[in-house]
Every structure is written in structure tokens, then in C-alpha cells.
Amino acid sequence: MTSHATPTTPSLSPIAFLKGHGTENDFVIVPDPGNEIELPASVVAALCDRRAGIGGDGLLHVVRSAAHPEARSLAGGAEWFMDYRNADGSIAEMCGNGVRVFARYLQRAGLVGAGDLAVATRGGVKRVHIDKDGDITVAMGRARLPEDGVTVTVGGRSWPARNVNMGNPHAVAFVEDLGHAGGLFSAPPFTPASVYPDGVNIEFVVDRGPRHVAVRVHERGSGETRSCGTGACAVAVAAARRDGADPAVTGAPVTYTVDLPGGRLVITEHPDGEIEMTGPAVIVAEGHIDPAWLEVSA
């Protein structure tokens, strides 16, 4: 039965939460099947604050698709909608590691079992497989490769960056040393700025071996994160084009191992353009948020 309740202000009652991560890309999880909880940007940012809040690279708002105005049209194909927010409270289209953690939450809550399920996101419906042995595979869709790239500059060094869109925008730069990315406390500047008017996730990539790369990433709205699922996919796509291994051309799937500071993801692109990402997802804690703290943070 679809809920049409008016969202409540978060100060009226305690909010249940969980904490989870996928390759150390960590999230505050707020279950809200009926879309009854209002989560303004200020509250999301406070929850994701690592010193004064719970801490996370983002927030996963778990809502039934039929109960959310942005996802009702997808309800026929996916019961659950991942209403994803960046750590600064801004709304994002997609988060690959977030989808795996979202699926793990649904499994933990007894809402789904091992096997296949669909998750609605602002980047479309994502097909997910929960393996009985623990890893979760997400069908990430096809990459779009706009022709207009940018130049990324850090500490006097500049690199061309490939424009890859995975439902959210990425700029992929191949570098000689990951240290050249600098501290990544703020977004690395890029030109021309008009290519990404709403900001961009920037990946710095080095080779580790055949079909094996390592990455650091600055996620827009969150800063440097321990891992980025859509970023790992974007890197694999860019690397395949650089290496002459475009599956649409060769007719064979290509798989890249992508090492991030928080762990390892395996990315496979198929000849039809479909991309699959496989990796772990862990729930580490659950509890309730103090309503008095919420009232101050709202």
C-alpha cells in the first residue's frame, strides 16, 4: 500500500539508522519505506559529519519507489528507490558502492534474499545480484563518452582527463604517481569549467599491471573518498579505450581490477556496453539518532 503521508520534520521523533560501507566508501543508511522523513541538506550534512555526527561519504535514504515522487514511474520495475545524498547534503544521481550497501541493507532487513533484485536510482534502474558467498554485483548500465574532455591541474602538473558519464559525471586522468593528485581536500581545478557546470568526480589513475589499475578519487560534494563505484567503472571504460580493448570493437568482454584506498573492485564491460561491478558490502552498526541533536542540526 502506497504511503502519501506528508514528510515529518526530523526533530519530531528519533530516526533509525545503520552504518555501512563498500570498500570503505561509507554511508549513513536511513530506512524510510513510506518517504515520511524529511531530510534537508543541513541534516544530511550533520549526519555525515565525521566529528559531530555519525560520519559518512554520503547518505542512503531507503524508500519504496511508489512512495517517492522521483521514483514512482520506476515502481513497476523496482520496488526500492535509493534516494542518495552526498556528504554535503546535495542530491546525486548514483553511487555504485552505495547501491551494493543499499542491497546489503535490504537483505539484512529481510526485505530481499540472495539472488537478483532491482534498485531504482536517479541514474535509472540498476540490476543487482547478491551472491551467496558475500560479494554483490551491480549492473551499472552503459557509459556515455562525451567528446569534450578537460584538463585537470594539481600542484603545477596538468593532465588531459577523459569525460565518462556513468549516470553521474567523471573526469579520468592517467598519471605517473598517485601522489601527484595532492591532498584532494578540495576539488582539483579543471578547464574548461563549462564541460561540467554542476561539478565532477575526478579520478587519478596509475597502472599496476595488465588490466590492473590503482585509483584515487575526489567525489564532488564529498572530497576524497576511500572508494567510488561509478568512478571505478569510469576508469575501466577509459582504460579499455586507451588500451585498445573497447569491447564494442573487439567483440569480447574486458575485465579490469581496480584498486582503491578502501579495497578492490572488479569491473567487466561487455560488447553490448553493459558494465558490471563486483565487490563487498558490509553493515557495521545500527541505532537511533537523538531527536534533540536533530533539532539543533535541522
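## A friendly look inside a predicted model

Helix H3 is mostly covered, with 13 of its 14 residues buried. Buried here means under 20% relative accessible area, while exposed means over 50% and partly exposed lies in between, using a 1.4 Å probe and protein chains only. Helices (H or I, at least four residues) and strands (E, at least two) are DSSP runs, numbered from the N terminus.

This is a predicted model, in which local features need pLDDT of at least 70 and side-chain atom pairs count only at pLDDT 80 or more, while totals for chains, interfaces and linings use all residues. Residues are numbered from 1 along each chain as its sequence is written, and side-chain values use heavy atoms, with hydrogens and water left out.

How far apart are the end C-alpha atoms of H3? They are 20 Å apart, which agrees with the 20 Å that 14 residues should span at 1.5 Å a residue. The expected span is 1.5 Å times one less than the number of residues. After H3 comes Gly244, which has a positive phi near 70°.

Now turn to helix H1, residues 41-48, whose buried residues are Val43, Val44, Ala46, Leu47 and Cys48. What do these buried residues of H1 pack against? Their partners are strands E2 (25-31), E3 (58-64), E4 (80-86) and E18 (282-289), together with helix H5 (291-297). Contact means heavy atoms within 4.5 Å.

### The nonpolar cores

In soluble globular proteins, nonpolar side chains tend to be buried together. A nonpolar core is a set of buried Ala, Val, Leu, Ile, Met, Phe, Trp, Tyr and Cys residues joined through side-chain atoms within 4.5 Å. The largest such core has 50 residues, and Met82 and Ile267 touch the most other members. H3 gives the most to this core, with 9 residues. Leaving aside neighbours within four places in sequence, Met82 has contacts that include Leu60, Met94, Phe102, Val119 and Arg122. A second, separate core holds 19 residues, among them Val152, Val154, Trp159 and Leu178.

Val154 belongs to strand E8, residues 150-154, and counts as buried at 14% relative accessibility. Not counting residues up to four places away in sequence, Val154 touches Trp159, His180, Ala181, Gly182, Pro188 and Phe204.

Val205 sits in strand E12, residues 201-209. Is Val205 buried or exposed? Val205 is buried, because its relative accessible area is 0%. Val205 and Val172 are 33 residues apart along the chain, and their C-alpha atoms are separated by 7.3 Å. Setting aside neighbours within four places in sequence, Val205 is in contact with residues including Val172, Phe174, Leu178, Val215 and Val235.

### The cavities

On a 1 Å grid over the protein atoms alone, a cavity is a set of points where a 1.4 Å probe fits but cannot get out, and lining residues have an atom within 4 Å of a point. A volume is the space filled by probe spheres set on the points. How many cavities of 30 Å³ or more are there? The count comes to 2.

| Cavity | Volume | Lining residues by class |
|---|---|---|
| Largest | about 50 Å³ | 3 nonpolar, 3 polar, 3 charged |

The lining of the largest cavity includes Tyr84, Asn86, Met94, Glu219 and Arg220. Around the second largest cavity, the lining residues include Ala236, Val254, Tyr256, Ile267 and Ile275. Strand E16 gives the most to that lining, with 3 residues.

Most residues other than glycine have a negative phi, and most peptide bonds are trans. Glu24 is not a glycine, yet its phi is positive, near 65°. Glu24 lies in the loop between strand E1 (15-22) and E2, and is partly exposed at 35% relative accessibility. Arg211 has a positive phi too, of about 55°. Arg211 is found in the loop between E12 and strand E13 (212-219), and its relative accessible area of 37% makes it partly exposed.

Which two residues does a cis peptide bond join? They are Thr191 and Pro192, with omega about -5°. Pro192 is in the loop between strand E11 (190-191) and E12.

Conventions
1 Å grid on protein atoms, 1.4 Å probe; cavity = no way out; pocket = protein on both sides within 12 Å on 5 of 7 lines; lining within 4 Å. Nonpolar A, V, L, I, M, F, W, Y, C, P; charged D, E, K, R; others polar.
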